[in-house]
Amino acid sequence: MAGKLTKLVDIRRKELRQAALEVLQREGMAGATLEKVATHAGASKGIVLHYFRNKQELFEQAMREANANLRDAVAERLRQAKSPRERLAAIIEGNFDERFYQPATAHAWLSLCAEVPREPQLARIQAVIHARMRSNLLSALNDMLCADEARRMALLISSLIDGLWLRLGLQSGGISRQEALAVVNDTIRAHLDTVTTE
């Protein structure tokens, strides 16, 4: 019975996190309220507060949820990769997974990122996201480049990925997944060609 109850709690919390993410996509952080999340989830504000202490905790968990989805998309592709080049491609393609690389998701991410300077917990989550991206990239790049070049390349790629997500969230019409992948892959090819011919 306890296991069943735990599972129901987990399901309800996941539903509320997803509702919070969808409200963020639509309203942004400034317009997102517990009442709107509750309405979107078909629940009461009291129910939301039963599972989450406050708005900050709910939206922090929503950020974790969105990040976990992207992390899993990358991991799914990495399991199929057989070489450093394939690992690099898996990381890049996973970060532009068509299920998540959408303007609405980018809007929610931007709303949360805007709170990072004021919210230490969100800053910690963002630091974890960047550390995982760096670690994943270096796991592929260290087999192709010297240590210094690998670190610079990892920073370049992660900055490009962040920048393209930013443009998706800010630019009307955004940048398509195909365009984003082409920009990153062309940059990588040009850089790797330069390094290997020096």
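Predicted model: local features only at pLDDT ≥ 70, side-chain atom pairs only at ≥ 80, totals over all residues.
**Entry 1: overall fold.** I read the chain along its sequence and found the pattern α-α-α-α-α-α-α-α-α. Residues are numbered from 1 along each chain as its sequence is written, and side-chain values use heavy atoms, with hydrogens and water left out.

**Entry 2: extent and packing.** I looked up the box filled by the C-alpha atoms, which is roughly 65 × 45 × 30 Å along the principal axes. Of the 198 residues, 43% are buried (under 20% relative accessible area; exposed is over 50%, partly exposed in between, with a 1.4 Å probe and protein chains only). I then took the contacts (heavy atoms within 4.5 Å) between residues at least 6 apart in sequence, and 67% of them join residues at least 24 apart.

**Entry 3: surface and charge.** I recorded an accessible surface of about 10700 Å², with 55% of it belonging to carbon and sulfur atoms; the area comes from the Shrake-Rupley method with a 1.4 Å probe. The chain has 28 positive and 24 negative charges, and their mean positions lie 5 Å apart. Lys and Arg count as positive and Asp and Glu as negative, without His or the chain ends.

**Entry 4: largest pocket.** I noted a volume of about 540 Å³ for the largest pocket. A pocket is an open set of points on a 1 Å grid where a 1.4 Å probe fits, with protein on both sides within 12 Å along at least five of seven lines; lining residues have an atom within 4 Å of a point. Its lining has 29 residues, and A66, N67, L70, N95 and I129 lie nearest the centre. Two or more lining residues come from each of α1 (2-31), α4 (55-78), α5 (84-95), α6 (103-115), α7 (120-141) and α8 (147-170). The most come from α4, which gives nine.

**Entry 5: two single residues.** I located T39 in helix α2 (residues 34-41), where T39 is exposed at a relative accessible area of 64%. T39 and E57 are 18 residues apart in sequence and 18 Å apart from C-alpha to C-alpha. I found S44 in the loop between α2 and α3 (45-51); S44 counts as partly exposed because its relative accessibility is 38%. S44 and L34 are 10 residues apart along the chain, with 9.0 Å between their C-alpha atoms.

How values were computed: Helix = DSSP H or I, 4+ residues; strand = E, 2+ residues; numbered from the N terminus. Charge placed at Lys NZ, Arg CZ, Asp CG, Glu CD. Points joined across faces, edges and corners; volume = space filled by probe spheres on them.
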